[in-house]
Amino acid sequence: EYNIVRPKGYTVSFHAQPEMEKHHFGQTHPMKPWRLTLTKSLVTSYGMPFAMDNYLTREATYEELNSFHSRDYLEYLVMAAPEDQPRDIENPDKEVKFNLGGSDCPLFHGLYNYCSMSAGTSLDAARKICNKQSDIAIAWGGGLHHAKKTEASGFCYINDIVLAILQLLRIHARVLYVDIDVHHGDGVEEAFFSTDRVMTVSFHKYQPDYFFPGTGGLDDNGPKSEHNPGAHHAINVPLNDGITDEQYEALFKNIVGAVNERYRPSAIALQCGADSLAGDRLGRFNLRVQGHGACVRYCKSLGLPMILFGGGGYTPRNVARAWAYETSIAIGADTRIPETIPEHTPWREHFVHDTLFPTLEQSMSEPRHNRNSEKRLREIVAHVHEQLRFVSH
Ligand code: VJV
Ligand code: CA
Ligand code: ZN
């Protein structure tokens, strides 16, 4: 028997919009908004809503989206209809305009509503942090880190993270952005390229011309001009296939710990893309739910107000496991929840194995070869520490 209680003197808010989960990118598209329903189902069956403030979020307004995105792009996004989706079997990546309509960012029914709900979730989370009504605000429907000011990219149309950080900057002098999605957080990095008020740190698989989006090399640290305040305020941690929990956790604590000490942010925005888990349809790493969650636990231990965003994650059962476990970390119930998925969990059969923590063997037929040498990881750490010497206290 276990008991989920509200953490004392500590507020966690959970922001979601079930309407968002009903949207479809297309039959076989890897991005499945339904994974959010599966996540909520697990969070609820473990009794976690009792320990949080739960909010049904509103849609972001056009003006709110316009705080980052250009009018010409937004106007097109409002107007674009699924009928405009090219039906060119020969050339499925032919896009219409603003990188919309290709196979990565298709035009689908209700696209604008989907985008404004995702953004609304993250904006509501940011407002709760700004008003000091939450210590940790959870927005699993957000985390769409590739979207650009005037262009969709990599399944992302509206950059809800940028919108949320812009809200945090009204109150917070310095915001730390951390990104554990298997892809490079290029849209967020680019949006805050020229400012020293946001420091971005992305861990990702890096292999230019092969793995999306191809940016985020070790030497990409912001503008090269020393006169630009954004110089040295982008940290990239390029990784290879097969990285393990032990390596990732050590790297994460070392780098995020050093960044925190040097930069002294007053708030953290953490993108928790679950495509860095073992067995992900698009991912390459060997992380388990515990290793992924350890990053969230470490950020929480820094004692700063924090937003947790979703992001990638293409094996829905594992996305739900990771985000439910990370919700339990936020409320401090991670040591008390049972490892066996509760009997009464809706769609329990979708989890295949009845544990919250599948082994690597349960996650994939054959574990991926680890191509991260200890020597290379030490070089990465050394480079990051070198960069941080240029960041003023
Ligand atoms: O690699 C790419 C771009 C291409 C052009 C489009 N084709 C489909 C693939 C190659 C160069 N895109 C990536 C985008 C990844 C986005 C990740 C988003 C996040 O997790 O970071 C945050 C939410 C890519 N990788 C795999 C696919 N696209 C892919 C897209 C499909 C698909 C299978 C794979 C789109 C439709 C369908 N199948 C039916
Ligand atoms: Ca990343
Ligand atoms: Zn991703």
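The model is predicted. E64 is a buried residue in helix α2. The calcium ion (ligand 2) has an irregular site. Helices α7 and α11 pack at an angle of about 10°.

**E64 and its surroundings**
- E64 lies in helix α2, which spans residues 62-65.
- The relative accessible area of E64 is 16%, and buried means under 20%, so E64 counts as buried.
- The side chains of E64 and R58 form a polar contact of 3.1 Å.
- Beyond its neighbours within four places in sequence, E64 touches R58, E59, L123, R127 and L163.

**Calcium site**
- D179 coordinates the calcium ion (ligand 2) through both O and OD.
- Angles among the six donor atoms range from 69 to 167°, and the site is irregular.
- Along the chain, the donors are spaced as D-x1-D-x1-H-x18-S-F.

**Helix pair α7 and α11**
- Helix α7 covers residues 245-263, and helix α11 covers residues 374-388.
- Their axes are 10 Å apart, at an angle of about 10°.
- Angles under 35 degrees count as roughly parallel, so α7 is roughly parallel to α11.
- From α7, the contacting residues are Q247, L251, N254, I255, A258, V259 and R262.
- From α11, they are E374, L377, I380, V381, V384, H385 and L388.

Terms used: Residues are numbered from 1 along each chain as its sequence is written. Chains are lettered from A and ligands numbered from 1 in the order in which they are written. This is a predicted model: local features need pLDDT of at least 70, side-chain atom pairs count only at pLDDT 80 or more; totals for chains, interfaces and linings use all residues. Side-chain values use heavy atoms; hydrogens and water are left out. Helices (H or I, at least four residues) and strands (E, at least two) are DSSP runs, numbered from the N terminus. Buried means under 20% relative accessible area, exposed over 50%, partly exposed in between (1.4 Å probe, protein chains only). A polar contact is a pair of N or O atoms within 3.5 Å; within protein, one must be able to donate a hydrogen and the other to accept it, and residues adjacent in sequence count only if both atoms are side-chain atoms. Contact means heavy atoms within 4.5 Å. Donors are N, O and S atoms within 2.8 Å of the metal (3.2 Å for Na, K and Ca); water is not among the atoms, so sites may look incomplete. Four donors count as tetrahedral if all angles lie between 85 and 135 degrees; four count as square planar and six as octahedral if opposite donors are over 155 degrees apart and all others between 65 and 115; anything else is irregular. Axes are lines fitted to C-alpha atoms, for helices over the stretch in contact, and angles run from 0 to 180 degrees between N-to-C directions. Angles under 35 degrees count as roughly parallel, over 145 as roughly antiparallel, 65 to 115 as roughly perpendicular and the rest as oblique.
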